[in-house]
Amino acid sequence: MSVLPSLLAPGALAGQGIAVSGGGTHLGRAMALGLAEAGATVLIFGRRADPLDETAFLAQDLSGRIIAEIADQHLDEDLERVLDRLEKGAGQVNGWVNNAVGCRSTPLMNLDRSAVEDTVESALSDLILATEAAAKRMK
């Protein structure tokens, strides 16, 4: 039974290793399950074990599989560990989904320029550096 509507034929991503940051909840979960349904080995990572484990459990009957890893995208050593685990679990790195974005928790009506600029700078730096680290491992 299909978990999600899919644009990909079953097995279309068989043999592909793809990482999804923030893969335990919301859009990250939906993307990870869709990729696994298409046959990919998907490594999901984030800072909380419970949502990651729950997402991996939801993928048990799919043609691909989900590997859960606790990691913080802000830490270079965690990104390297995620990529190492993806290579070990899938044999290669074929894709990278930047889904998670860390930011200060501030109510919309109370934002100040400094907080917004800090968040944008940090988030973009994390996304660019994570993409670069993954791209270096793609063949």
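**Exercise 1. Is Q92 buried, partly exposed or exposed, and at what relative accessibility?** Then place Q92 in the chain and list what Q92 touches.

Solution. This is a predicted model, in which local features need pLDDT of at least 70 and side-chain atom pairs count only at pLDDT 80 or more, while totals for chains, interfaces and linings use all residues. Residues are numbered from 1 along each chain as its sequence is written, and side-chain values use heavy atoms, with hydrogens and water left out.

Step 1. Q92 has a relative accessibility of 27% and therefore counts as partly exposed. The classes are buried, under 20% relative accessible area; exposed, over 50%; and partly exposed, in between (1.4 Å probe, protein chains only).

Step 2. The loop between α3 (76-90) and β4 (95-97) holds Q92. Helices (H or I, at least four residues) and strands (E, at least two) are DSSP runs, numbered from the N terminus.

Step 3. With neighbours within four places in sequence left aside, Q92 is in contact with G15, Q16, G17, L86 and E87. Contact means heavy atoms within 4.5 Å.

Step 4. The Q92 side chain reaches the backbone oxygen of G15 at 3.0 Å, and makes a polar contact with the side chain of N94 at 3.4 Å. A polar contact is a pair of N or O atoms within 3.5 Å; within protein, one must be able to donate a hydrogen and the other to accept it, and residues adjacent in sequence count only if both atoms are side-chain atoms.

Step 5. L129 is 37 residues from Q92 along the chain, and their C-alpha atoms are separated by 19 Å.

**Exercise 2. Sort residues of helix α2 into buried and exposed, and say why the buried ones lie on the same side.**

Solution. Step 1. Helix α2 spans residues 49-58, and its P51, L52, T55 and A56 are buried.

Step 2. These residues lie on the same side of α2 because they cover an arc of only 135 degrees around the axis. The arc is that of the directions from the helix axis to the C-beta atoms.

Step 3. D50 and F57, on the other side of α2, are exposed.

Step 4. The cover over the buried residues of α2 includes α1 (26-37), β2 (41-46) and β3 (65-70).

**Exercise 3. Follow the contacts of S21, Q73 and G22.**

Solution. Step 1. S21 belongs to strand β1 and is buried, at a relative accessible area of 1%. Not counting residues up to four places away in sequence, S21 touches F45, Q73, V97, N98, N99 and A100. A polar atom of the S21 side chain lies 2.8 Å from the backbone nitrogen of N99.

Step 2. Q73 sits in the loop between β3 and α3 and is buried, at 9% relative accessible area. Beyond its neighbours within four places in sequence, the contacts of Q73 include S21, F45, A100 and D126. A polar atom of the Q73 side chain is 3.0 Å from the backbone oxygen of A100.

Step 3. G22 lies in the loop between β1 (17-21) and α1 and is buried, with a relative accessible area of 18%. Residues up to four places away in sequence aside, G22 touches G28, R29, F45, N99 and A100.

**Exercise 4. Describe how α3 and α4 pack: at what angle, at what distance, with which handedness and through which residues?**

Solution. Step 1. Helix α4 covers residues 113-137; α3 and α4 pack at an angle of about 30 degrees, their axes 10 Å apart. Axes are lines fitted to C-alpha atoms, for helices over the stretch in contact, and angles run from 0 to 180 degrees between N-to-C directions.

Step 2. The crossing of the two helices is right-handed. A crossing is left-handed if the near helix is turned anticlockwise from the far one by less than a right angle, and right-handed if clockwise.

Step 3. From α3, L79, E80, L83, D84 and E87 meet A130, A133, A134 and R137 of α4.

Step 4. By class, the residues of this contact are five nonpolar, no polar and four charged. Ala, Val, Leu, Ile, Met, Phe, Trp, Tyr, Cys and Pro count as nonpolar, Asp, Glu, Lys and Arg as charged, and the others, Gly among them, as polar.
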